[in-house]
Amino acid sequence: MNSGVVYALAAYVLWGLFPLYFKALEQVPSLQILAHRMAWSLLFVALLLVVFKRWAWIRLLREQPAVLARFALSAVLLSTNWGIYIWSVNSNHVVDASLGYYINPLVNVALGSVLLHERLRRMQWVALLIAAGGVSVMALEVGHVPWISLGLALTFGSYALLRKTAPLGALEGLAVETAVLFPLAAAYLYWLSTQGINAFASADLSTRGLLMAAGPITTIPLLLFAAGARRMSMTLLGVLQYITPSLQLALGVWLYHEPFAQAKVIGFGLVWLGLAVFLFDGLRAAWSRPAAQAPSPGEDAAAITTKP
């Protein structure tokens, strides 16, 4: 098996199992988990940068302040995505979270069309319309827009759009983003301590260990994905990414016994149909394209990974 496939599979499986990790911390308020994820991620990334001696990118930030501003915006989107995901898992909405990551590739393509003026093929439009129908069915059933699913898809789709043309790699970019978020996280955790409501201070040793593990748990799948993406085609990468929401859906329905009523069956079915049309169109385009020809912008955007 291609080493890139192994790396990508490992990343997607780890992301798919994220609900297990956050469920183990459900006694900790979601906002506190988010703060710890910001703080420990920066510390772990900094350790990796020291080990691998990768500091050349700091000069770019000094010479181009606009790059730092761009990463500050991506940090806001990333932390919002993290916050929604943590809250949804610990509030028994794992199924809704999985839907967000199913529709994320289609949101990437829609954003590319609207904001980057990328031209979509006819079958891509059909796929978007079918998936939108599935979301609408679920919205009508529950009486409101499925904001968890759309929030996750839109925040990470927007984040991916910013990172798509970012001049820094995965590790360096995450270092900048977590460095931007760290002061907010540290200030919030300090305020909690002054109020005597910091869950870390009163938690048992295993809970503290789980909170501290947020750093490597966040960073390792990202590095595995980056290693896989360099060694395989974007088309295959785009197909494999559905492992993550599929695992999350299975955990939500079979392990956590979340409701999966008829409206969700129909809604998910339409989303899956839209994805099938979209994947078929992408594979057909890849097969008919000469080997040396680059993928179209729409295909490239669709293959951007999902990252809880």
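Residues are termed buried when their relative accessible area is under 20%, exposed when it is over 50%, and partly exposed in between (1.4 Å probe, protein chains only). The structure is a predicted model, in which local features need pLDDT of at least 70 and side-chain atom pairs count only at pLDDT 80 or more, while totals for chains, interfaces and linings use all residues. Residues are numbered from 1 along each chain as its sequence is written, and side-chain values use heavy atoms, with hydrogens and water left out.

Helices are DSSP runs (H or I, at least four residues), numbered from the N terminus. In helix α8, the buried residues include Ile148, Leu152, Phe156 and Tyr159.

Aromatic pairs are rings of Phe, Tyr and Trp (its six-membered ring) with centres within 6.5 Å; planes under 30 degrees apart count as stacked, over 60 as edge-to-face and the rest as tilted. The whole structure holds 14 such pairs. Phe22 and Tyr85 are edge-to-face, because their ring centres lie 5.8 Å apart with planes at 75 degrees. This pair links distant parts of the chain, with Phe22 in helix α2 (residues 18-23) and Tyr85 in helix α5, 63 residues apart. Phe22 is buried at a relative accessible area of 1%, and Tyr85 is buried at 0%. Phe156 and Tyr159 are 3 residues apart, about one turn of the helix.

Definitions and conventions: Helices (H or I, at least four residues) and strands (E, at least two) are DSSP runs, numbered from the N terminus.
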